[in-house]
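Subject: Structure handover

Hi,

Here is the structure I promised you. Please open it first, then read my notes below.

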Amino acid sequence: VTIHLSIILFLPLATGFIGAFLPRGLARWAVLAGTVAVLAYAILLLADFDSGGGLQYVTDDEWIPELGIRYQLGVDGLNLFMVVLTALAWVPCTLVAALRDRERPKLFFFHMALAETAVLGAFMAQDLALFIVFFDLMLVPFYFMIGGWGTGDRVRATTKFVIYTLAGSLLMLAGAIALGVLSTPEGGEISFSLAELQRRSVSEGTQQWIVLLFALAFFVKAPLFPLHGWVPETYRSTPIVTLALLGGVLSKVGVYGFLRIVLPVMPEGAQHWQELFVVMAVFSILYGSVLAFSQDNVRLVVAYSSIAQLGFIVLGIFAFDDKGAQGAVLQMLNHGLVVVPLFLIIGVIVARAGGSESLSELGGLAFRAPVLATLFLIVAFATLAMPGSANFVGELLVLFGSYEDKFVYGLVASAGVVLAAVYTIRVFQRTMHNRPGAAVASREIGRIDLAAVVPLVAVIVALGVYPNFVVDRTERATTASIEEARNVSQAVASR
Amino acid sequence: MTLPFAEVQAPEIDYKALSPLMATVGGSIVVLMVALLRSQFVRHTLVPVLTAVSLLTAIGLTIWVWEPGEQTAILEGALTVDTLALGVSMLVYVAGLVCVVLSLRALAAREAGHGEYHAMLLGSISGMVVLAASSDLITLFVGIELLSIPLYVLCATELRRRTSLEAGLKYLVIGSVGSATLLYGLALIYGATGAMQFDAIADAISSDAVGVGDPLLLTGIALAATGLAFKASVAPFHQWTPDVYQGAPTPITTFMAVATKAAAFAVFLRLFEHALGLSQLEWGPALAALATATIVIGNVGAIAQRSLKRLLAWSSVAQAGYLLAGVVVGSTLGLEATVFYLAVYLLMNVAAFSVVIARERVSERGDDLSALENLGQTQPWLAWPMTIAMLSLAGFPATAGFIGKFYLIDAAVAGDYAWLGIVIVLGSVVSLAYYLRVVAVMWMGGYEVELPTVPRRHVKPVAGWSPEADARAQPEVTAIAVLFAAATIVFGILPDPLFDAAREIGTALSGLR
């Protein structure tokens, strides 16, 4: 089969447009069909992918020649599983969304579809400017979904979310343009193609401030301490299906950007800030874990645990070590795979507690709902990186990677693994066991929710059994991504 | 006795190059005369049609004259017809056409008498065309006055509304101060260089006779920049902008916002990059400081606004700051980026202003932000254009505004003004606060507006108070909004035609970096 990435990319948006012109009730099914088709195509892609090859299925066309922007897409080990994760996450979320009645359904599903296209675009783009286009475009549908269909103080929350993230990404835009302009050789044409940028070079001093601008964008998106100011309000107000995508998939775009852009293109700049970023990562692990432990709102427990998990990923990346980076790539997938079902299950739980999201008002749900409890338990174990889960392998690799060179930081980060067990088990106990809350009605998980969650749980279990499926396919690209940065780092160390 | 006719040498006039200008000037006279017939049909239908025909003729002639790389000096070097002049006049003609369509049902055109209103509009357009082509200090001044004086009157054409009269008066007083300052600056430049024509000024500066840092010259440049800054609403000479934009009849505001700015920036480019290009190192940092101040003041000023017209006025101040960044660098890339952004700016602002017009005619909230409440449900055909315009002004991707900003930052960085690129970006971040508020009011129902609400006003029902009927009652306004919003998206995804035009316009000024 020949695989065209443009089809994967624009299929969701196309179904969104089609849905907009269908009668009210049909829009959701059009978009759902689109996400299923994308998933099928992504599975084909996964089956067809050559683990020994480099960048594959490359699409390379002119887009805006005057600005040196090309329409360049490609898949390699770094983004293969991100594309699959996106395709996989959108199906259950759209399914669950399709079965709840909401106002203006056409518009909502149009935004769902646009969001999938934008996220896929950011993951597949091989041109820096194209990456930024999609990176910023992602915000538009999420802005509308949170503001239009969220709960509580949603407009404030969504405005804060957009201003935070766009502040970061606009600065990144300025940095990217500077990178493109300053790396253009005398008399040469400006180019934003990542492969071309990697061949050209800019001075170390320039790299340093440009990397800082990029890091700002990626850390806000991730989010990492201390740039997580938008997190509490946004996580509280976002509709649950949107939140599953926001926490599970969107958060990966930022850290992915480090591996795809920052480390290969600006290794000296990355090396310059290595110490700072590692400290931020470790701080995020501790801060996120402690706050996750002290939250009463279930959504916020997951929110802060995500900060900790993303801290792990950043630590793995900036260890500049094969094992660490491999662990980071694995964790990017794992974290997405657990957060999406986690939020879907939270949606089910909250529906059974009369809409309350407070841990103190939940409890006793497992009594009449063994299947729900079992699914939740599996996901919870994966979240806390129980041995036997792929998350365990991922975190272990990250820690091994950091022990090599940054032993002290690795040691401190290890505390995060322990804390994860504490806050995850706390949530499980408080919701599933304990004394039943006043408004809680213990009912089994519905068929539709089951259909949405079970496949994800099955993938989690399968990866736990055979994590090498991911490692085999990503290893080559991951090693290549950090190679330059590691060389620079070693050169500096031996100086 | 024989009359000495034979001896008089008639000046050589290139009528081809002059033809677009003749179309608008001639159109202005014809429209004024025709409107003297007192029939309803003539005043309400024929006059706007003739105005539109005159503008369409001008557009056609402009395309006919268009010749990249060609600089035709006409009228003894008073005007230079090149792609920069023609490209900017094209924007002005389009803005004029939009204004004619938006004025079809406007109170202002009715109260001022249709003939006078449209004739003055064409007069102002002619002034802008002269200004964009001027290559001589005298023509520059004539152009600026010809564009301004009809506009002073047009601002005050809603005769029975106090704020409209106030806007006209305010614009007149402040505009005159600006003109006087400009004139003084031009006089000093002449005093320093001894030349009126831009070419001669550039020669004088490059020769050793006048130093680049000559104090007389620099004072002249500073005063001329101040005068032009008044017209382009560059801070700190922007104070008139919100009041005049709010007070003037909205179709005129639309025209003023996009066309005046285009013409003012055309002459900014020509005077600074062509005549004074050699002293770029002297005026570059000063203009960069002005640009920074404009971006900051415009964006901060817009945050607290409730009136949509005031909000768009402040936003236009901020946008002037972005545009100025393209002038500062003094390069071909900067010139192209500025012209590109002027075109994009036209698209976004026309879309936004037409929605304001559509709403203020039927809403008892006037142009207040709350007039847009829940527009997403009631009138999506207005809500979408406004949303697209706001996102584009804020610089979201897949809109022309994103590409425009990209181009400007590109030019700034390439011209060693990377920090100005960062300022543009930071300004855009601040601007999200007010652009997104407009979007939120339209789509995110039940949005609490924090500031006290304005008193309701009485409006005559356009079509019996129902939103659908209102929309049907003014289809041309909706059509303009949709058309320009669609163009914003199309040029955001396929900007090639605009780039081609910008590149051809870039050939107009030679000798740039």
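First, confidence. This is a predicted model. The predictor gives the complex an ipTM of 0.90 and a pTM of 0.92. Chain B has a mean pLDDT of 87, and 92% of its residues reach 70 or more. Among the elements of chain B, helix H3 (residues 83-102) has the highest mean pLDDT, at 94. Helix H19 (residues 467-473) of chain B has the lowest, at 61.

Next, the interface. Here 37 residues of chain A are in contact with 36 residues of chain B. The two chains bury about 3,300 Å² between them. Of that area, 81% is on carbon and sulfur atoms.

Polar links across the interface come next. The rule finds four residue pairs in polar contact there. It also finds one salt bridge between chain A and chain B. Arg503(B) forms a salt bridge with Glu66(A), and their closest N and O atoms are 2.5 Å apart.

Which elements of chain A each supply at least two residues of the side that touches chain B? They are strand S1 (56-64) and helices H5 (128-137), H6 (139-149), H7 (154-182) and H9 (204-221). H7(A) gives the largest share, 14 residues. By class, this side of chain A has 29 nonpolar, three polar and five charged residues.

Last, a helix in chain B. Helix H7 (residues 162-193) of chain B has 32 residues, so at 1.5 Å a residue it should span 46 Å. Its end C-alpha atoms are 46 Å apart, which agrees. Gly194(B) follows H7(B) and has a positive phi, near 70°.

Best wishes

Notes:
Residues are numbered from 1 along each chain as its sequence is written. Chains are lettered from A and ligands numbered from 1 in the order in which they are written. This is a predicted model: local features need pLDDT of at least 70, side-chain atom pairs count only at pLDDT 80 or more; totals for chains, interfaces and linings use all residues. Side-chain values use heavy atoms; hydrogens and water are left out. Helices (H or I, at least four residues) and strands (E, at least two) are DSSP runs, numbered from the N terminus. The expected span of a helix is 1.5 Å times one less than its number of residues. pLDDT is the predictor's confidence in each residue, from 0 to 100. Contact means heavy atoms within 4.5 Å. Buried area is the accessible area (1.4 Å probe) that two parts lose on being put together, summed over both. A salt bridge is a side-chain nitrogen of Lys or Arg within 4 Å of a carboxyl oxygen of Asp or Glu. A polar contact is a pair of N or O atoms within 3.5 Å; within protein, one must be able to donate a hydrogen and the other to accept it, and residues adjacent in sequence count only if both atoms are side-chain atoms. Ala, Val, Leu, Ile, Met, Phe, Trp, Tyr, Cys and Pro count as nonpolar, Asp, Glu, Lys and Arg as charged, and the others, Gly among them, as polar.
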